[in-house]
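Let's take a walk through a protein together, starting with its overall layout and then moving inside. Keep the picture in view as you read.

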Amino acid sequence: MAGDDGFEKFVHASLTRLTLHVVKLGASVDEAKDAVSEALADAWHHWETISSPDRWVRLAAARAYFRSAHRDREQLSRALQGGMTVDRAPDGLEDVCGEEAATVLRLIQQLPRQQRHIMALTYDGYAASEIAQMLQLPRDTVRSHLRHARRQLREQLKIAGMWDDEDDA
Amino acid sequence: MTKMTRDQLPGPDSDRLDALLHTADEAAEAAFAQQMDPQEFLARARHGLVNASKLAPRHASASAYGQDDLPGPRQDSTEPTEWVRRLSPMEKALLERLASGSTVSAAATAEFLSLRTANRRIAELRRRAGVTTTRELVGIYRARR
């Protein structure tokens, strides 16, 4: 297939950041891998028509994860209504990247959906104007979400003992 | 692509917060890099294409740049077996494996899915088909494929 080389290079160069991106959206490591797989399969299918693979695959993976999380919530709700008890499996984040990095990732995961999506894109190097274009939001809204997210993260880092109050002054 | 720049994050605590988050980000990236096998993902992606070329087209990717709302459950109720015609390549591939006698676990492995994902997709198919057992689901699929 034409473009096979380009696709392969893209996967090699972007796979880790893509997976980490989906983890920041709230996914476990396995869920992130599944969402990235789904997005890459779609990307491979449409590769020759995709002009900006980084953006395209990030958005496709995010949507794949959000769809899957939505289904999980519905199934969980039905299970609970049916009287079942459900244990959420551990996501293995600490095992993969260590206690401290996992704690920070979990704090990002606990932000409201839009905020964590914008934070994840910001940490992948996208400017507010690019994020606004990708998520079809006004640029000021993106900046506002970012400001709130950062404020909340700082508060949560204090609670987690990873932010020293004295340095706030 | 560059990492986040200072001008995106004004404020007195920006440097400290950036430093802390970037340290965690880099640690996570380095750890993830050791866990990921690009060849496995390439195989999964290409496998999806092989299925797609002989099955019904998918539409999900066309909306990758779409609005930020979450899609609801699929509506496949115009005919009792309408869901069979609307199967995605991956769903169809899974059902093909089950219809040929594979276990869910074997089908998941063959389709490069985790067992959890395979079970979730099969549960979703049972819901769409309106049946309660995988045996019924596969029976309907065999009759209608």
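This is a predicted model: local features need pLDDT of at least 70, side-chain atom pairs count only at pLDDT 80 or more; totals for chains, interfaces and linings use all residues.

Begin with chain A, which has eight helices and zero strands. Of the 169 residues in chain A, 54% are buried. The accessible surface of the chain comes to about 7700 Å², and carbon and sulfur atoms account for 46% of that surface.

Now let's look inside. In soluble globular proteins, nonpolar side chains tend to be buried together. Here, the largest nonpolar core has 70 residues, and A:Phe7, A:Leu40 and A:Cys97 are the ones with the most contacts inside it. Helix H3 of chain A, residues 53-81, gives the most to this core, with 10 residues. Zoom in on A:Leu40: leaving aside its neighbours within four places in sequence, A:Leu40 is in contact with residues of chain A including A:Phe7, A:Phe10 and A:Val57, and also with B:Phe41 and B:Ala45.

Finally, follow helix H8 of chain A, which covers residues 139-159. From first C-alpha to last, H8(A) reaches 30 Å, close to the 30 Å expected for its 21 residues. Its buried residues include A:Val142, A:Leu146, A:Arg150 and A:Leu157. Seen down the helix axis, the buried residues of H8(A) fall within an arc of 135°, so they line one face of the helix. The face turned away from that buried side carries the exposed residues A:Asp140 and A:Ile159. After H8(A) comes A:Gly161, with a positive phi near 75°.

Key
Residues are numbered from 1 along each chain as its sequence is written. Chains are lettered from A and ligands numbered from 1 in the order in which they are written. Side-chain values use heavy atoms; hydrogens and water are left out. A nonpolar core is a set of buried Ala, Val, Leu, Ile, Met, Phe, Trp, Tyr and Cys residues joined through side-chain atoms within 4.5 Å. Buried means under 20% relative accessible area, exposed over 50%, partly exposed in between (1.4 Å probe, protein chains only). Helices (H or I, at least four residues) and strands (E, at least two) are DSSP runs, numbered from the N terminus. Contact means heavy atoms within 4.5 Å. The expected span of a helix is 1.5 Å times one less than its number of residues. The arc is that of the directions from the helix axis to the C-beta atoms. Accessible areas come from the Shrake-Rupley method with a 1.4 Å probe; for residues, only the protein chains shown count as cover.
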